[in-house]
Structure formats: structure tokens, C-alpha cells
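Trainee: Let's go through this model term by term. I'll ask what lies behind each label.

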Amino acid sequence: TGQASVPGSPSASTLVEEYDGTNWASGTVTPTASSYGGSGGIQTAGMIFGGASDGSPGYPTKVTTTQSWNGTSWSAEPALATARMGTQGGPVGSNTASQLMGGSNGSTNLTNVENFDSSPTAITAAAWSACGNLTTARRTAGGAGIQTAALAIGGEAPRTAKVESYDGSSWTEVGDLNTAR
């Protein structure tokens, strides 16, 4: 999901394509258009969050929108606390437990991290909450792992080789990449 397919147009879109292991096909559209947002999960349990409501050059309007996919349909979920974009590579998780790392508010890269937990044992089920901040502000970082054991890898600007590990409560810089990316 994301940007419109019109060449040269950076506008946001509700279009979705789904991969079945062999082919791509048009899927069910999202409730709200967005671009440059984060995502987490798998084909039958995913989320998209944050991004921009338009893709205009310069500083597009950042959003707090969260949308969940259950394998059949999209639904709106509670909003992020911080509007942000540039999180395409950073999120980890699924539509029941996700983590969003860093990003950009348009003029500044962010260190704040938010967790989503829809389990019945969560203090506030199906809501985003703040957790430990990254040690380095960045956007477009790669993400790996799960909500309580994640990695934030690389990112920009400027491009960095830093890798941080999350243990469920705080981030620690660990072995960096050989090359900033």
C-alpha cells in the first residue's frame, strides 16, 4: 500500500496489492490514504501506520493513522502519539503487537519509539504507548525482531552504520554495520 501509481505523482493512495507467493493482485483498499508509512506483520495479520496524507514535495502532512489487516479486510486502529513518516524499514511485529522506531516529523529525525499491543493483558489494549527511545535519531532504519526483542539497523540522515538492540525496556548500541546505509 502507499503512493499512487501515477508516474511523477507523489500523492498518497488507498491502493493495496497482495502477493500470493507467485503473483501480485489488487487487494482491498485501505480506509485512509497514506504514503511513506511503516508496516509490520504478515499477509494475514498486518498493520500500516504513520506516513503522510499527501506526498507533496517538501514537507508533506504527517499523520498518526493506524490501519490493521486481518487477511480479509482493513480497519482503523488507535492513532500513534506522534505523527511521523520515513518509517518504512523500521517497524517490527504484526497487527496484534508492533513497534515503530524513529522516523521524521518533516524537519527533525526522531528517537521516540511506540509499541502497539492488542492483547487482553495490556494495560490499555489495542493502543500505542511510548517505550524506551533510540540512542540515535534517525528515519528509514531497517527493523528486525519482535516488539520486545528488536533491532534498529542503519538509517539516515546522515546515513549511519549504527545498530541498536531493544531488550523490552531500553535500547543499546551493539555491533555496527561495516558500511553506513
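**Sheet, strands and surface**

Mentor: Four strands form an open sheet in the order E3-E4-E5-E6, with antiparallel pairing. The model is predicted: local features need pLDDT of at least 70, side-chain atom pairs count only at pLDDT 80 or more, and totals for chains, interfaces and linings use all residues. Residues are numbered from 1 along each chain as its sequence is written, and side-chain values use heavy atoms, without hydrogens and water.

Trainee: Why do E3 and E6 stand at the edges?

Mentor: Strand E3 (38-42) and strand E6 (74-77) each have a single partner strand, so one side of each lacks a neighbour in the sheet. From one strand to the next, the twist averages 20°.

Trainee: What makes E5 and E6 a pair?

Mentor: Pairing requires at least two bridges found by DSSP between two strands. Four bridges join E5 (residues 66-69) to E6, so the pair qualifies. The two run antiparallel. Gln-67 stands opposite Ala-76 in E6.

Trainee: How many helices and strands does the protein chain have?

Mentor: Zero helices and 14 strands. Both are DSSP runs, numbered from the N terminus: helices are H or I, at least four residues, and strands are E, at least two.

Trainee: What share of the protein chain is called buried?

Mentor: Buried residues are 39% of the 181 residues. The label means under 20% relative accessible area (1.4 Å probe, protein chains only).

Trainee: What share of contacts joins residues 24 or more positions apart?

Mentor: Of the contacts with a separation of 6 or more, 41%. A contact means heavy atoms within 4.5 Å.

How values were computed. Axes are lines fitted to C-alpha atoms, for helices over the stretch in contact, and angles run from 0 to 180 degrees between N-to-C directions. Buried means under 20% relative accessible area, exposed over 50%, partly exposed in between (1.4 Å probe, protein chains only).
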